[in-house]
Amino acid sequence: MGREERFPVWEAALGAGVAAAFAAGLAGVYLSMPDSDYSFLKLPRNLEELQILTGYLENYTSDYTLQVLVGYCAVYIFMQTFMIPGTIFMSLLAGALFGQLRGVALVVFAATAGASSCYFLSKMIGKPLVFSLWPDKLSFFQKQVAKRREKLLNYMLFLRVTPTLPNTFINLASPIVDVPYHTFLLGTLIGLIPAAYVTVRAGIALGELTSLSDLYDTQSIALLFLIGVVSVTPALLGKDEAQEKPSEMAVGAS
């Protein structure tokens with residue numbers, strides 16, 4: 001078995017250590033809360049469970065704001081780090097509990113921190129997983145990154161704003177195809193703001209939602225598409241200029 005196909009013990013231990021650190025943080029939050037029945041605390045898997053969870057947490061948010069904030073961030077970052085689905089419900093929860101401005105700031109911070117944690121974890125132990133799960137997608141991503149190296153930030157912004165590639169894949173594959181962390185960070189931090197705004201805004205009116213399809217109306221989709229086009233335009237223009245220069249040099253030489 002090749003080196004890229006196996007998971008050494010130390011790498012598994014590292015992943016377990018990261019998970020243990022998050023668990024310890026959540027345990028600290030739990031111990032600082034008053035004695036009560038917390039059986040309602042579970043990751044929501046649908047809107048009904050999210051509405052029930054929100055109803056309980058609203059009673060604690062005003063009196064135990066710090067604990068709720070720390071617990072929320074720890075759960076969100078953990079989910080992003082270990083690719084656990086359901087972060088969209090966490091984004092809706094932020095809107096319901098903290099309002100528009102604080103909710104967007106909280107979601108962007110937690111999502112960026114979780115994506116960064118996933119980036120570094122993948123850099124150390126994720127290569128075999130990405131190669132085995134998405135070989136074709138990884139090859140495509142690698143070619144696109146190499147092609148757009150000079151305008152890579154614009155390309156990363158485009159990926160974050162549009163559904164061209166799943167965010168989980170971007171988090172895991174970026175270090176493998178040599179996307180620099182500072183480019184990954186800026187692309188994530190800025191690129192997640194539009195979607196966070198849409199989702200948090202929907203969370204404020206959580207009781208009116210009947211399905212996740214209600215999140216993205218025509219106006220929201222058009223806005224995200226427009227932002228995606230604007231973000232990738234400099235990269236496309238740069239590519240055209242690079243293609244024109246050799247042609248001009250050839251004409252001049254003749």
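This is a predicted model: local features need pLDDT of at least 70, side-chain atom pairs count only at pLDDT 80 or more; totals for chains, interfaces and linings use all residues.

Reply: Residues are numbered from 1 along each chain as its sequence is written, and side-chain values use heavy atoms, with hydrogens and water left out.

Me: What is the orientation of H3 to H4?
Reply: Helices here are DSSP runs (H or I, at least four residues), numbered from the N terminus. The axes of H3 and H4 (residues 87-98) come within 10 Å and cross at roughly 160°; axes are lines fitted to C-alpha atoms over the stretch in contact, and angles run from 0 to 180 degrees between N-to-C directions. Angles under 35 degrees count as roughly parallel, over 145 as roughly antiparallel, 65 to 115 as roughly perpendicular and the rest as oblique. H3 is therefore, relative to H4, roughly antiparallel.

Me: How many charged residues are in the contact of H3 with H4?
Reply: The contact (heavy atoms within 4.5 Å) includes Tyr72 and Met79 of H3 and Met90 and Leu97 of H4. Ala, Val, Leu, Ile, Met, Phe, Trp, Tyr, Cys and Pro count as nonpolar, Asp, Glu, Lys and Arg as charged, and the others, Gly among them, as polar. The residues of the contact of H3 with H4 divide into 11 nonpolar, three polar and, as to charged, none.

Me: What is the orientation of H5 to H11?
Reply: H5 (residues 100-125) and H11 (residues 193-204) pack with axes 9 Å apart, at an angle of about 130°. The two helices are therefore, to each other, oblique.

Me: Which residue's side chain makes a polar contact with the side chain of Thr81?
Reply: Thr81 lies in H3 (residues 65-81) and is buried (under 20% relative accessible area; exposed is over 50%, partly exposed in between, 1.4 Å probe, protein chains only), at 3%. A polar contact is a pair of N or O atoms within 3.5 Å; within protein, one must be able to donate a hydrogen and the other to accept it, and residues adjacent in sequence count only if both atoms are side-chain atoms. At 3.0 Å, the partner of the Thr81 side chain is the side chain of Ser117.

Me: Is Leu192 buried or exposed?
Reply: Leu192 sits in the loop between H10 (181-191) and H11. Among the residues that Leu192 touches are Ala111, Arg160 and Asn167. With a relative accessible area of 13%, Leu192 is buried.

Conventions. Lists of a residue's contacts leave out its neighbours within four places in sequence.
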